[in-house]
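Visitor: Can we go through the aromatic contacts in this one? I'd like the cut-offs as we go.

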Amino acid sequence: MSSTLRSLRALSDPTRLRIAALLERDELSVNELQEITRMGQSRISTHLGLLLDSALVEARREGKRTFYRLTHPANGDVGQFVQLAIRGAHELPEHEADQINLKRILARRHEQAQVYFNQIAGRFDRVYGPGRSWQAFGHLLLRILPPLTVADLGAGEGLLSELLARRCKKVFAVDNSERIVAFGAAKAKKNGLKNLEFRLGDLQSPPLDPQSVDLVILSQALHHADSPAAALAAAGRIVRPRGQIMILDLLKHNFEQARELYGDRWLGFAESDLQRWLEEASFKKIEISVVAREEQPPHFETVLASGEK
């Protein structure tokens with residue numbers, strides 16, 4: 001088969017068009033391509049193999065990882081094929097999300113602290129040590145925090161709010177259930193937490209003044225919102241300049257029973273959607289990463305997203 005036919009064959013699949021468009025920006029590893037496209041490792045590797053065989057992509061090893069990039073210089077017919085493939089990728093429905101995820105991955109490369117934390121987190125779960133627990137680590141980290149004013153949106157009964165109130169200057173726990181707000185307020189009073197205030201309100205319009213808090217937290221709350229984008233926009237309005245938002249929620253999944261079992265409106269979120277909504281809410285320095293995966297089916301994954309005003 002001629003090189004022209006090999007190139008045409010290699011670029012005849014939409015998945016390979018997506019990969020070519022991603023590798024135009026920068027070299028990427030298989031793991032990074034997985035995270036961007038949300039496709040399995042074997043599928044990514046198969047498509048990369050075809051692109052390698054056609055000399056459209058080249059590989060470079062760095063330690064235990066292999067990075068892939070478009071072959072340069074791509075002259076003549078090959079270069080024209082690649083540019084046509086990239087133009088075709090722009091017309092695919094996945095292109096926008098791919099580019100948002102690519103931007104996030106490249107930004108994260110520069111955040112070595114995040115990479116180090118992921119390594120520590122992996123070791124923590126594998127090695128047992130008496131007295132070592134995430135609960136203990138959580139209390140330690142709370143002692144380090146400065147005295148902030150925090151809004152816990154979708155707080156429920158206020159478990160996280162109570163913990164934060166033992167360190168923070170002021171905590172507003174917002175929930176849309178009158179019963180839960182009454183329960184949380186009574187419990188806070190019983191525990192002597194005078195700096196913890198429960199308020200009845202909706203995620204899309206929290207009952208807080210503009211630019212009144214240092215930190216907004218949405219912990220497993222966003223997937224209950226009518227409009228997640230509107231909820232994040234509202235969060236952006238109540239945060240002070242240089243304040244932060246932190247979101248813990250589920251990565252997009254297909255466990256439909258969650259709607260009935262847990263009252264979820266949304267089956268998790270794609271990283272690209274969170275990135276876009278946070279940018280639209282004028283947050284900067286956005287970081288998004290998967291921080292936990294359940295061992296049992298349906299293997300829910302938890303994503304942590306943060307940003308700064």
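Guide: Rings of Phe, Tyr and Trp (its six-membered ring) pair if their centres lie within 6.5 Å; planes under 30 degrees apart count as stacked, over 60 as edge-to-face and the rest as tilted. This is a predicted model, where local features need pLDDT of at least 70, side-chain atom pairs count only at pLDDT 80 or more, and totals for chains, interfaces and linings use all residues. Residues are numbered from 1 along each chain as its sequence is written, and side-chain values use heavy atoms, with hydrogens and water left out.

Visitor: How many aromatic pairs by this rule?

Guide: Three. Phenylalanine 255 and phenylalanine 300 form an edge-to-face pair, 5.7 Å centre to centre with 80 degrees between the planes.

Visitor: Where do phenylalanine 255 and phenylalanine 300 lie?

Guide: Phenylalanine 255 is in the loop between β8 (239-250) and α12 (258-262), and phenylalanine 300 is in the loop between β9 (284-293) and β10 (301-308), so the pair ties together parts 45 residues apart in sequence. Helices (H or I, at least four residues) and strands (E, at least two) are DSSP runs, numbered from the N terminus.

Visitor: Are phenylalanine 255 and phenylalanine 300 buried or exposed?

Guide: Both are buried. Buried means under 20% relative accessible area, exposed over 50%, partly exposed in between (1.4 Å probe, protein chains only).

Visitor: And which rings form a cluster?

Guide: Trp266, Phe269 and Trp277, linked by ring pairs.

Visitor: Switching topic: what sits over the ring of phenylalanine 283?

Guide: The charged end of lysine 309, 5.2 Å from the ring centre. The rule is NZ of Lys or CZ of Arg within 6 Å of the ring centre and within 35 degrees of the ring normal.
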